[in-house]
Amino acid sequence: MGDRAPEGGAGQPRGEPVPTTQPATQPATQPAAEALLRWSRRHAEAARAARAEAATPRRAAGPAPGAGVLRPVLGGVAGLLRVACWLVAMLIVAYVVFRVADANPTNMWAAAVESWAPRLDLGLADLVSVGGPGISLAVNYGLAAVAWAVLGAVAGWLIRLVAKI
């Protein structure tokens, strides 16, 4: 084994010897045995590190301890909040449609929407006055519907963010 390093070194296919020639700028001061010894130490250290890493127990992937109960509950609360806000926004849009289309006020659905929508307008029922009364109603209550949708999305996002902590 005199002038050759072990077979199968880095970048060399198995079975071909790895030449230990020195670059032309450096004199050949290092004997082959010394190079082999350095190579052997380097690979022994790498093997030890790999065995040590394999021997260390790893925690199974998944949620952090204690987060297994709270995270799904907060995720469910966030989802329910988003759905509730979207339902309020849809109720407000239905109110606009019923008012603009002159729905029968004695109808059960129109009466229910008529009683709830003004309570949920977030104070935006008389924000702007543009065009006729139908356009003003559509713009003001449309802004309230958008505000409810955005409020639900942001609140749901914040709750899910807190659940990840």
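Reply: W86, for instance, is found in helix α2. This is a predicted model, where local features need pLDDT of at least 70, side-chain atom pairs count only at pLDDT 80 or more, and totals for chains, interfaces and linings use all residues. Residues are numbered from 1 along each chain as its sequence is written, and side-chain values use heavy atoms, with hydrogens and water left out.

Me: OK, how many helices and strands does the protein have?
Reply: Four helices and two strands. Going along the sequence, the pattern reads β-β-α-α-α-α.

Me: What about salt bridges, how many?
Reply: The rule is a side-chain nitrogen of Lys or Arg within 4 Å of a carboxyl oxygen of Asp or Glu. By that rule the count is one salt bridge. R99 and E114 form it through their side chains, at 3.7 Å, N to O. R99 lies in helix α2 and E114 in helix α3 (residues 108-116), so the pair ties together parts 15 residues apart in sequence. R99 is partly exposed at 39% relative accessible area, and E114 is partly exposed at 37%.

Me: Changing topic: which residues make the positive patch on the surface?
Reply: R71, R82, R160 and K164 gather there. Helices α2 (67-100) and α4 (133-164) are the elements giving two or more residues to the patch. R82 lies in α2 and is partly exposed, with a relative accessible area of 37%.

Me: How do you define a patch, and what counts as positive?
Reply: Patch residues have over 30% relative accessible area and no salt bridge; like charges are joined within 9 Å, nonpolar side chains (Val, Leu, Ile, Met, Phe, Trp, Tyr) within 5 Å. Lys and Arg count as positive, Asp and Glu as negative, with His and the chain ends not counted. A charge is placed at NZ of Lys, CZ of Arg, CG of Asp or CD of Glu. Areas come from the Shrake-Rupley method with a 1.4 Å probe, and for residues only the protein chains shown count as cover.

Me: Which residues make the nonpolar one?
Reply: L127, V128, V130, I135, V139 and L143, covering about 450 Å². I135 sits in helix α4.

Definitions and conventions
Buried means under 20% relative accessible area, exposed over 50%, partly exposed in between (1.4 Å probe, protein chains only).
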